[in-house]
2 protein chains.
Amino acid sequence: MKETKVSSIGERALISRLSEIFNAPDGEERRQEEVLIGAGSDDCAVLDLKGEDYLVVTTDMLHMTTDFPEGMTPWQMGWMSAAVNLSDIAAMGAEPTGLLMAIGMPSDTEIAFVEELAKGIQACAAFCGTSVIGGDLDTHAELTITGTALGRVKKSQLLLRKGAKPGDLVCVTGYAGSAGAALKAVQSKKPVSENVLKALFEPVPRTREAKQLAESGAVTSMMDTSDGLAMSLYDLSRQSKTGFKIRENALPILPEVRKFASGPEELLEFALYTGGDFELIFTIDPERLKKVQNICNLTIIGECTEYETGIMLESPECRLTAIKQLGYQQLKAETAD
Amino acid sequence: MKETKVSSIGERALISRLSEIFNAPDGEERRQEEVLIGAGSDDCAVLDLKGEDYLVVTTDMLHMTTDFPEGMTPWQMGWMSAAVNLSDIAAMGAEPTGLLMAIGMPSDTEIAFVEELAKGIQACAAFCGTSVIGGDLDTHAELTITGTALGRVKKSQLLLRKGAKPGDLVCVTGYAGSAGAALKAVQSKKPVSENVLKALFEPVPRTREAKQLAESGAVTSMMDTSDGLAMSLYDLSRQSKTGFKIRENALPILPEVRKFASGPEELLEFALYTGGDFELIFTIDPERLKKVQNICNLTIIGECTEYETGIMLESPECRLTAIKQLGYQQLKAETAD
């Protein structure tokens with residue numbers, strides 16, 4: 001029975017198996033013509049429709065039990081469903097041009113609940129300068145929301161996971177670990193500040209920041225941190241063929257999160273190995289640092305190194321340890337027996 | 001408790017409530033700039049990205065229990081999930097440029113099942129000249145597949161539900177009622193031909209036909225018949241402000257379906273009031289009939305009339321009765337008490 005069930009191989013292995021099927025010869029021709037970036041390697045697929053811009057597109061499916069933590073309001077569920085997709089658009093340096101929302105819900109759902117959900121979706125879309133242009137409604141045992149976001153980016157400004165070079169600086173927007181701490185607080189029913197909870201319940205897509213970063217010409221690679229900082233570093237490393245040295249001291253962490261963590265180990269767990277922050281992680285050419293410094297609240301957390309040196313964390317005492325490839329994965333591979 | 005649950009108002013009423021929320025002032029500005037057609041009025045949303053073509057986009061959520069009839073293979077579930085979206089692209093006269101598939105499945109799903117599903121998706125995408133360019137995987141109690149399809153169409157060739165004029169001829173591709181008869185056969189465990197079953201299990205998006213119809217310049221309005229012929233006529237009527245006179249004798253029905261139906265009443269039920277056929281229904285300027293006649297297997301089933309005359313069926317004896325606004329709706333409004 002080993003390795004015959006989805007649960008035995010994990011999300012990334014399954015994606016790779018399916019990608020092989022989707023990349024079969026028949027599809028390849030069309031792919032070469034219009035599809036610049038296909039499934040899997042970046043936050044969005046990228047299409048070249050022979051205009052001035054690239055079109056980027058992404059889809060994300062969320063479920064009541066696995067994606068909406070206890071205590072979330074329907075408005076926040078709507079906001080979150082839009083935000084996860086709009087964050088992927090931002091990750092490419094693109095501006096959103098439209099959102100489609102397919103919603104499956106139990107037939108005994110209160111209309112007021114659905115309306116609040118829609119208001120949350122609309123609020124997040126409007127915050128990012130776009131709107132809902134399509135969707136689907138469906139009855140379903142468990143609330144399920146699949147969003148699809150479209151975006152546009154000038155061809156010269158597209159930002160990919162590929163492009164970082166040794167010597168580049170590694171930056172993040174906002175704070176790391178807030179969503180992870182909030183999730184822990186919710187699950188263990190411990191109190192935590194509103195500020196921290198909001199990071200989990202109402203993640204803010206970095207649409208404005210992304211556009212300015214793309215325009216700066218200083219960014220060499222970018223993605224969002226929705227799967228956690230460690231996973232994001234591994235994704236950037238795989239695509240850019242660089243290593244990373246991240247300074248533990250430099251990680252931007254909210255004071256409330258430092259206070260909430262049971263110790264330095266849990267703090268690192270929050271900051272590196274839990275997802276949900278939806279910040280941008282990006283690398284910049286150090287000679288162009290000035291061009292991005294005033295764009296947004298960004299923190300330089302380390303630098304790109306040679307691929308062979310791996311992904312390392314430098315402690316305050318300058319000791320280097322490897323950052324593990326751990327973080328948020330929807331389909332976790334269970335321990336094989 | 002009346003009218004507070006989703007089940008009490010039905011899909012179309014709920015869509016209209018949500019559309020109001022999504023069309024709130026904030027979104028309106030952006031909408032006017034890029035969104036030619038928003039949610040609700042056509043098979044796809046239409047974006048004007050300042051290129052040569054319009055971009056069309058659609059999304060559809062399918063669930064194991066409600067959308068995949070008993071007896072379907074995983075390959076067919078995959079094919080169907082791609083087909084419902086690609087049919088919407090065809091309905092606009094557009095060519096598909098990419099497909100995104102978000103799949104939620106139980107963690108004990110066999111990998112072989114998922115691979116078959118992916119092969120079905122890929123086969124349908126390749127048949128329509130496109131490929132899977134993105135997606136999402138997720139664990140979920142019930143198999144849930146949300147597809148999103150993108151397409152392109154020359155600006156002058158976009159086909160909408162709006163545009164039919166009194167005197168235009170009403171045409172359909174393929175056959176009507178095959179999927180309805182097949183569903184009845186499956187549900188009542190009665191035997192029916194492979195040919196009829198295939199209409200339900202492997203619906204064929206009319207991609208090639210749609211492109212040629214769009215290029216002909218003869219088509220004045222178009223949509224797909226996925227919600228049934230009657231609902232499609234009502235949708236065309238609402239957007240085009242025309243009535244219809246449909247000739248019962250002209251409805252293209254497979255001989256096996258005629259034989260399977262218990263009588264003329266059930267035959268009309270299949271042909272008019274059940275969904276799942278995924279054919280194209282379109283109206284043409286009678287003076288340009290020659291331009292479309294050789295494109296595909298099409299049947300003229302009636303003509304457009306003045307809006308005020310309503311949507312009528314003409315019996316072989318030339319008696320006129322109103323076609324009811326009944327058909328496939330995911331969220332059915334239950335009888336209010």
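**Notes on the predicted two-chain model**

1. Let's start in chain B: B:M223 has B:I281, in strand 10, as its bridge partner. Strand 8 and strand 10 (residues 280–284) of chain B run antiparallel and share five bridges. Two strands count as paired here if DSSP finds at least two bridges between them. Helices (H or I, at least four residues) and strands (E, at least two) are DSSP runs, numbered from the N terminus.

2. Before going on, some housekeeping: this is a predicted model, where local features need pLDDT of at least 70 and side-chain atom pairs count only at pLDDT 80 or more, while totals for chains, interfaces and linings use all residues. Residues are numbered from 1 along each chain as its sequence is written, chains are lettered from A and ligands numbered from 1 in the order in which they are written, and side-chain values use heavy atoms, leaving out hydrogens and water.

3. Contact means heavy atoms within 4.5 Å.

4. Now for the two copies. A rotation of 180° with 0.0 Å of shift along its axis puts chain A on chain B, with an RMSD of 0.0 Å. The two are thus related as by a two-fold rotation axis. In chain A, the residue that comes closest to the axis is A:G51, at 2.6 Å (C-alpha). Both copies use the same surface: 100% of chain A's contact residues recur in chain B.

5. One residue to look at is B:R152, in strand 6 (residues 144–154) of chain B. Is B:R152 buried or exposed? B:R152 is buried, at 17% relative accessible area; the cut-offs are under 20% for buried, over 50% for exposed and partly exposed in between (1.4 Å probe, protein chains only). Residues that B:R152 touches include A:E34, A:L49, A:K50 and B:D53.

Conventions
Least-squares fit on C-alpha atoms with pLDDT ≥ 70 in both. Lists of a residue's contacts leave out its neighbours within four places in sequence.
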